[in-house]
Amino acid sequence: MPQRPPPASKPPPPLPAATLEELAARSPILLCLDYDGTISELVSRPARARPVEGVVPALKALAARRERIAVAIVSGRPVAQLRRMTGLGHQVMYVGVHGAEIAGRSRAADDDDVHDNDHNSSNDDIHVPDDVARYAPELDRVRAWLARNVPEGAGFEVEDKRLALALHYRHAEPAAAASLSGKFEEFVRAEAPHLRVAHNKMVIEALPAATSKGAAVRALGLKAGPAFMPVYFGDDCTDEDAFAELVSRGVGVLVGEARPSLARWRVESPAAVARILTALATALA
């Protein structure tokens, strides 16, 4: 089970201009990006979240500089969904479902979209660690509990990611959301001991205890190689595991409003992330 990151005591300061360009001038970068709230705005319906303007062209340009930049999307969403929603296909690496799925970049995916389109329909390269796959029976128990206990038409939405189950309550009454979330957490702790509960923005999720975004960053580091300096952009509490991983080596960047975080720096919005990535792509062109 991943260790909980140490508590953060203060908000990080603003990211200084040209920080990534200066870092890239010194060493190759492993650039890790959360999706929701980081390269996409948070929306009321998660299925409608799309990358903000400028992000995808910048990431395509960066992915083409593979000797200088290794790009990875790290998210609670499944890899297949991330590929569709970003349009990046196999041009970058992915970590899905908080680390339960890992997919490398295809060697055939160059900076040319024609190569990538040949691969868009295939997700055969998605790896599920053994210690995640074996907990399917516990996920089935949670799945059955949700089917019995989540009322229809009350503002709740169950998202089944196969390797994790999320209960969204953004549109539910606060009292009902608090009650059902509490019961959900109690059930997972009592009946699914190899799963853990993660709290995010208006969602509670059951997922394998062995997964975390910190472990995901370590796995991506092995794929990229030791020369690549990890940089991680993320917006919510699930990203704190990744920020903790980078305290001693790497750069964590919090996206959004100021709050205590283990990130070293902060930027104000996904639009700011898009501007930073565009500037980095231009500097490396």
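In this predicted model, strand β9 directs Met229, Val231 and Phe233 to one side and Pro230, Tyr232 and Gly234 to the other, and all are buried. In a regular strand, side chains alternate between the two faces of the sheet. Six of the six residues of β9 (residues 229-234) are buried, so the strand is largely enclosed by the rest of the structure.

The pairing of β9 was examined on both sides. Strand β1 (residues 29-33) runs parallel to β9, and five bridges connect the two. Within this pairing, Leu33 has Phe233 of β9 as its bridge partner. Strand β10 (residues 251-255) is also parallel to β9, joined through four bridges. Here Phe233 stands opposite Val253 of β10.

Ala72 has Met93 in β3 as its bridge partner.

The loop between α3 (79-86) and β3 (93-96) contains His90. His90 has a relative accessibility of 4% and therefore counts as buried, the cut-off being under 20%. The His90 side chain makes a polar contact of 3.4 Å with the side chain of Arg83.

Helix packing was examined for α1 and α10. Two packed helices are described by the angle between their axes and the distance between the axes. The axes of α1 (residues 19-26) and α10 (residues 270-284) come within 9 Å and cross at roughly 35 degrees. The crossing is right-handed. From α1, the contact involves Leu20, Glu21 and Ala24. From α10, it involves Ile276, Ala279, Leu280, Ala283 and Leu284. By class, this contact has seven nonpolar residues, one charged residue and no polar ones.

Backbone geometry was considered next. Most residues other than glycine have a negative phi. Arg162 has a positive phi, near 70 degrees, and is not a glycine. Arg162 lies in the loop between β5 (157-160) and β6 (165-168). The two strands are antiparallel and pair over four bridges. Glu157 stands opposite His168 in β6. Together β5 and β6 form a hairpin with four residues between them, and Arg162 sits in the turn. Arg162 has a relative accessible area of 52%, so this residue is exposed, the cut-off being over 50%.

Met202 also has a positive phi, about 65 degrees, although it is not a glycine. Met202 is placed in the loop between β7 (195-200) and β8 (203-208). At 33% relative accessibility, Met202 counts as partly exposed.

Conventions. Residues are numbered from 1 along each chain as its sequence is written. This is a predicted model: local features need pLDDT of at least 70, side-chain atom pairs count only at pLDDT 80 or more; totals for chains, interfaces and linings use all residues. Side-chain values use heavy atoms; hydrogens and water are left out. Axes are lines fitted to C-alpha atoms, for helices over the stretch in contact, and angles run from 0 to 180 degrees between N-to-C directions. A crossing is left-handed if the near helix is turned anticlockwise from the far one by less than a right angle, and right-handed if clockwise. Contact means heavy atoms within 4.5 Å. Ala, Val, Leu, Ile, Met, Phe, Trp, Tyr, Cys and Pro count as nonpolar, Asp, Glu, Lys and Arg as charged, and the others, Gly among them, as polar. Buried means under 20% relative accessible area, exposed over 50%, partly exposed in between (1.4 Å probe, protein chains only). A polar contact is a pair of N or O atoms within 3.5 Å; within protein, one must be able to donate a hydrogen and the other to accept it, and residues adjacent in sequence count only if both atoms are side-chain atoms. Two strands pair if DSSP finds at least two bridges between them.
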